[in-house]
Amino acid sequence: MISQFNSTNFKSLCDELSSTDADLKSIIDTHGYPPFWSRSNSFESLVHIILEQQVSLAAANSALNKLKERIQELTPARVLLLTDEEMRACYVSRQKTGYIRYLAEALLSGQINLETFNELPDDDIRAQLTSLKGIGNWTAEVYMISALHRADIFPIGDLAAVNALKRVKNLPAETAKEDLLAIIDTWQPYRTIAAKILWHYYLSTPRPSVIKPPA
C-alpha cells in the first residue's frame, strides 16, 4: 500500500506522530506546525531539486528563475535547445547542465515517465530516478516527499534534517548513522512527517548555514 499525506490530513498526521515523541511535540508546541511544502510532479520540480544540490536555496531559485525567464516554460524539449553558454548565463554549472540534459533526454525517450510515479511503490521510484546520472538518494527522496507526498521517507543524507535530529535528541555530533536510523525507524510509517517537523525546527532556530549533500 502506498502511504501518502496531503494538505487535508497533514496536521492530523503531525499530531499523531508527535503524540508518540515528546521532542517532536515540543517543536510543534514552540514553533507551530511545519509548512505544507509541495511541488508538482514535473520535470521542473526535478530540475529545481538538482539545482539545489550543494548550494543555497536562494542560489538554486535564482538559477531556476533565470531558466524560466529564458524559455518561459521549463520542458525537456526547450531545455535541450539551450547551448552551454546559455545555461551558464542562467547560473547553471557545467556538471548540472549535464544532469539536466540527461534527465530531459530520459523523459523524452520514455525511459522515465513521471505520470506513472503516483502508482509506483517508493523503492521502484527510487530505483528509476537513481538510475539517472546526477540523481542520487537525496534528490530522489526530496522529490518523493515534495512532489509525490510519500509519507514514510526520511532523507538520511540531508544534513539539515540530521543536524536537527541530533539537536532535539541531544545527541553528540559523531553519533553513528546506525544509531540515528534506530530513532528514525520508530517514526514509521510517518518518517516524512518527522523530517518535515525537523526541517521546520532547523529553519526556526537558525544556525550557521549547511550546504546540502550531493545527489
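**View 1. Asn170, an exposed residue in a predicted model.** In this predicted model, Asn170 counts as exposed because its relative accessibility is 68%, and exposed here stands for values over 50%. Asn170 lies in the loop between helix 10 and helix 11, and although Asn170 is not a glycine, its phi is positive, at about 55°. For orientation, most residues other than glycine have a negative phi.

**View 2. Gln72, in the loop between helix 4 and helix 5.** The two helices on either side of this loop span residues 57–71 for helix 4 and 76–80 for helix 5. Gln72 has a phi near 65°, which is a positive value in a residue other than glycine. With a relative accessible area of 56%, Gln72 is exposed.

**View 3. The cis peptide bond from Gln188 to Pro189.** The omega of the bond that joins Gln188 to Pro189 is near 5°, and the bond is cis, whereas most peptide bonds are trans. Pro189 is found in the loop that runs between helix 11, residues 177–185, and helix 12.

**View 4. The crossing of helix 10 and helix 12.** Helix 10 comprises residues 159–168 and helix 12 comprises residues 191–204, and their axes come within 8 Å and cross at roughly 85°. Angles from 65 to 115 degrees count as roughly perpendicular, and helix 10 and helix 12 are therefore roughly perpendicular to each other. On the side of helix 10, the residues that take part in the contact are Ala160, Ala161, Ala164, Leu165, Arg167 and Val168, and they meet Leu198, Trp199, Tyr201 and Tyr202 of helix 12. Sorted by class, this contact of helix 10 with helix 12 holds nine nonpolar residues, one charged residue and no polar residues.

**View 5. The second largest pocket and its lining.** The volume of the second largest pocket is about 220 Å³. Its lining is made up of Asp122, Asp123, Arg126, Glu141, Asp152, Ile153, Phe154, Ile156, Lys177, Leu181, Ile184 and Arg191. The elements that contribute two or more residues to this lining are helix 8, which spans 122–130, and helix 11. Divided by class, the lining of the second largest pocket has seven charged and five nonpolar residues, with no polar ones.

How values were computed
Residues are numbered from 1 along each chain as its sequence is written. This is a predicted model: local features need pLDDT of at least 70, side-chain atom pairs count only at pLDDT 80 or more; totals for chains, interfaces and linings use all residues. Side-chain values use heavy atoms; hydrogens and water are left out. Axes are lines fitted to C-alpha atoms, for helices over the stretch in contact, and angles run from 0 to 180 degrees between N-to-C directions. Helices (H or I, at least four residues) and strands (E, at least two) are DSSP runs, numbered from the N terminus. Angles under 35 degrees count as roughly parallel, over 145 as roughly antiparallel, 65 to 115 as roughly perpendicular and the rest as oblique. Contact means heavy atoms within 4.5 Å. Ala, Val, Leu, Ile, Met, Phe, Trp, Tyr, Cys and Pro count as nonpolar, Asp, Glu, Lys and Arg as charged, and the others, Gly among them, as polar. Buried means under 20% relative accessible area, exposed over 50%, partly exposed in between (1.4 Å probe, protein chains only). On a 1 Å grid over the protein atoms alone, a cavity is a set of points where a 1.4 Å probe fits but cannot get out, and a pocket is an open set with protein on both sides within 12 Å along at least five of seven lines; lining residues have an atom within 4 Å of a point. Grid points are joined across faces, edges and corners, and a volume is the space filled by probe spheres set on the points.
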